[in-house]
Amino acid sequence: MSVSKTDGRDGRDGRDGRDGRDGSSRVEGGPGSRTDNGAGSPRLQQCAQPPGSSRTKDARHHQQQQLQQRHHGGSMLKQPSHSEPADAVRRALDFKTQGTQCYKDKKYREAIGKYHRALLEMKGLCRVLGDPDTSSKSPSALLPTISKSTSLTDEQKGAMENAELECYNSLAACLLQMELVNYERVKEYCLKVLRKEGENFKALYRSGVAYYHLGDFPKALFYLKESHKQEPSDTNVIRYIQLTEMKIRRNAQRDKKETT
């Protein structure tokens, strides 16, 4: 039996490669040196400083100005964001919504980028909420910070938790639509969802599909049968269960021949 790569159960899932890092340019100070074209009296010329000394002073002055500008600009860039938590929540949800629309429009790479950006906004939200150590954490590890926050309403906390699961589920859906599917990454995203929501049908089914194509048929069968419990009439699940069981039987027959 032939195996189709399609997952297509999800008009609202999706997502693509990495957009949205804001580059910040450093402002350089202009030259701004002044030259004096006026000719003074002989007495003033005799008392004047040696040629070039005034220019040297001006150059040093402007170098100091440039260094101050760079210093102040750099310090401003390093300051933590003062955005309100509600703004970070809104941005995360906006990126997720944009990703969903890209998926519906079959712009899977763009969708992936939007979903990743939504997850990055969740990291930014944790910084706003006072967790400085977010660089090495995955968004899943950041959600406890969000759930314990007193700055967010219960509705906002719930929206963030749902958005995280939807982003990972949608990322898996997008990857399954690519010409070359990264099944290892599909499995990774689905397992993130299942750690939070063990009976999520889409994550169970896609985990089974990923394990099937990775050649781990016992695990594939486990996740597929778990998804079948959620949706007994789903034809894609039934087809993959049949394919997986056939692979397991063939492998068992081959192993038996090798041992005899």
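Start by selecting Arg-90: at 43% relative accessibility, Arg-90 counts as partly exposed, where buried means under 20% relative accessible area, exposed means over 50%, and partly exposed is anything in between (1.4 Å probe, protein chains only). Helices here are DSSP runs (H or I, at least four residues; strands are E, at least two), numbered from the N terminus.

A word on what you're looking at: this is a predicted model, where local features need pLDDT of at least 70, side-chain atom pairs count only at pLDDT 80 or more, and totals for chains, interfaces and linings use all residues. Residues are numbered from 1 along each chain as its sequence is written, and side-chain values use heavy atoms, with hydrogens and water left out.

Arg-185 is partly exposed at 32% relative accessibility, and Glu-188 is partly exposed at 35%.

Next, pick Glu-226 and Lys-229 in helix α9 (residues 217-230), again three residues apart and about one turn of the helix. Their side chains meet in a salt bridge of 2.9 Å, N to O. Glu-226 counts as partly exposed at 22% relative accessibility, whereas Lys-229 is exposed at 59%. For a network, select Arg-91, Arg-117 and Glu-121, which are joined by salt bridges that share partners.

Now head inside. Which residues touch the most other members of the largest nonpolar core? Select Met-160, Leu-171, Val-186 and Tyr-205, out of the 53 residues in that core. A nonpolar core is a set of buried Ala, Val, Leu, Ile, Met, Phe, Trp, Tyr and Cys residues joined through side-chain atoms within 4.5 Å. Colour by helix and you'll find that α3, α4, α6 (154-176), α7, α8 (201-214), α9 and α10 (235-259) each supply at least two residues of this core. Helix α6 gives the most, with 11 residues.

Time for the rings. There are eight aromatic pairs, meaning rings of Phe, Tyr and Trp (its six-membered ring) with centres within 6.5 Å; planes under 30 degrees apart count as stacked, over 60 as edge-to-face and the rest as tilted. Select Tyr-212 and Tyr-240: the ring centres are 5.4 Å apart and the planes stand at 80°, so this pair is edge-to-face. Tyr-212 belongs to helix α8 and Tyr-240 to helix α10, so the pair ties together parts that are 28 residues apart in sequence. Both tyrosines, Tyr-212 and Tyr-240, are buried.

Move on to Phe-222 and Tyr-223, another edge-to-face pair, with 5.1 Å from centre to centre and 80° between the planes. Phe-222 is partly exposed at 48% relative accessibility, while Tyr-223 is buried at 16%. Then select Phe-201, Tyr-205, Tyr-212, Phe-217 and Tyr-240 together, a cluster linked by ring pairs.

Last stop: Lys-106, in the loop between α3 (85-104) and α4 (108-128). Check the backbone here, where phi is near 65°, a positive value in a residue other than glycine. Is Lys-106 buried or exposed? At 62% relative accessibility, Lys-106 counts as exposed.

Key: A salt bridge is a side-chain nitrogen of Lys or Arg within 4 Å of a carboxyl oxygen of Asp or Glu.
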